[in-house]
Amino acid sequence: MSRLDSVIRRLEAQRLCLNEAASLVDGRPGHILEIGLGNGRTYDHLRCLFPERDIYCFDRRIAAHPDCIPDDGHMFLGDLAETIPLAARRLGPAAILAHADIGSGDRQTSLDLAIWLAEALPRLLAGGAIVMGDQPLPNPAWTALDLPRGIAQGRYHMYRATP
C-alpha cells in the first residue's frame, strides 16, 4: 500500500470513529479533549460535531492552520508531562471524549507516549467517557469498543472509561 493510500485510510478511520464517538456521548455533559492539535483538521471536525461544547487542545507547539487554532483559554501548550497534570488541576475529571492523535512516526516513541497517556488521562475523564486514538491506549479500567464498520482492527482504537 502506498503512503498516500495509508494516510487516506487513516483519515477515513479517524472521521468514522469521531462520528461514532459523537453518537456515543450525545446527551451526556462534558467537554472534549484533543490531544495532538497538529494542523487542526481533527479539531475543526470536532467543532462541527460539538458546536456547543468546550474543546481543549494539547500540543508541544502551534502548527495548525490559522482558522484551526483554539483561543488561549482552550489551548494547553507544551510537553504533555506538564500540560496534562495542569489541565487535570484546572478542568478536573469532566471530559466526556478524549481524542489522542499522538503518532510521531517513531513506533516505539508513540507507543511509550500512549502508555503514559493511558495512565495520566483518567484524572481528566468523566465516568463512561469515550477515549480514542491512533495508538493503542492500554488501561485496564477501560473497555475496548468495536470500531465502526469498514475499519481494519488496529487502524484506530476506541475505549469506554469506567463509569
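Strand 5 (residues 125-133) and strand 7 (residues 157-160) run antiparallel and are joined by four bridges. Within this pairing, Val131 sits opposite Tyr159 of strand 7. Strands here are DSSP runs of E with at least two residues, helices are runs of H or I with at least four, and both are numbered from the N terminus. Two strands count as paired if DSSP finds at least two bridges between them. This is a predicted model, so to speak of local features takes a pLDDT of at least 70, side-chain atom pairs count only at pLDDT 80 or more, and totals for chains, interfaces and linings use all residues. Residue numbers start from 1 along each chain as its sequence is written, and side-chain values rest on heavy atoms, with hydrogens and water left out.

Zooming out, the sheet is an open one: seven strands in the order 3-2-1-4-5-7-6, with mixed pairing. Its edges are strand 3 (75-77) and strand 6 (143-144), each of which pairs on one side only.

Buried means under 20% relative accessible area, exposed means over 50%, and partly exposed is anything in between (1.4 Å probe, protein chains only).

Gln135 is buried, at 8% relative accessible area.

As for charged pairs, the structure holds two salt bridges, each being a side-chain nitrogen of Lys or Arg within 4 Å of a carboxyl oxygen of Asp or Glu. One joins the side chains of Arg10 and Asp101, at 3.7 Å from N to O. Arg10 belongs to helix 1 (residues 3-25) and Asp101 to the loop between strand 4 and helix 4, so this pair ties together parts 91 residues apart in sequence. Arg10 is partly exposed at 23%, and Asp101 is partly exposed at 21%. The other salt bridge links Asp44 and Arg47, whose closest N and O atoms are 2.7 Å apart. Both residues lie in helix 2 (residues 41-49), three residues apart, or about one turn of the helix. Asp44 comes out partly exposed at 31%, and Arg47 does too, at 29%.

Finally, the cysteines: there are zero disulfides, a disulfide being a pair of cysteine sulfur atoms within 2.5 Å. For Cys17, the nearest cysteine sulfur is that of Cys48, 18 Å away. Cys17 is buried, at 0% relative accessibility, whereas Cys48 is exposed, at 59%. The closest cysteine sulfur to that of Cys48 is in Cys68, at 9.2 Å, which is too far for a bond.
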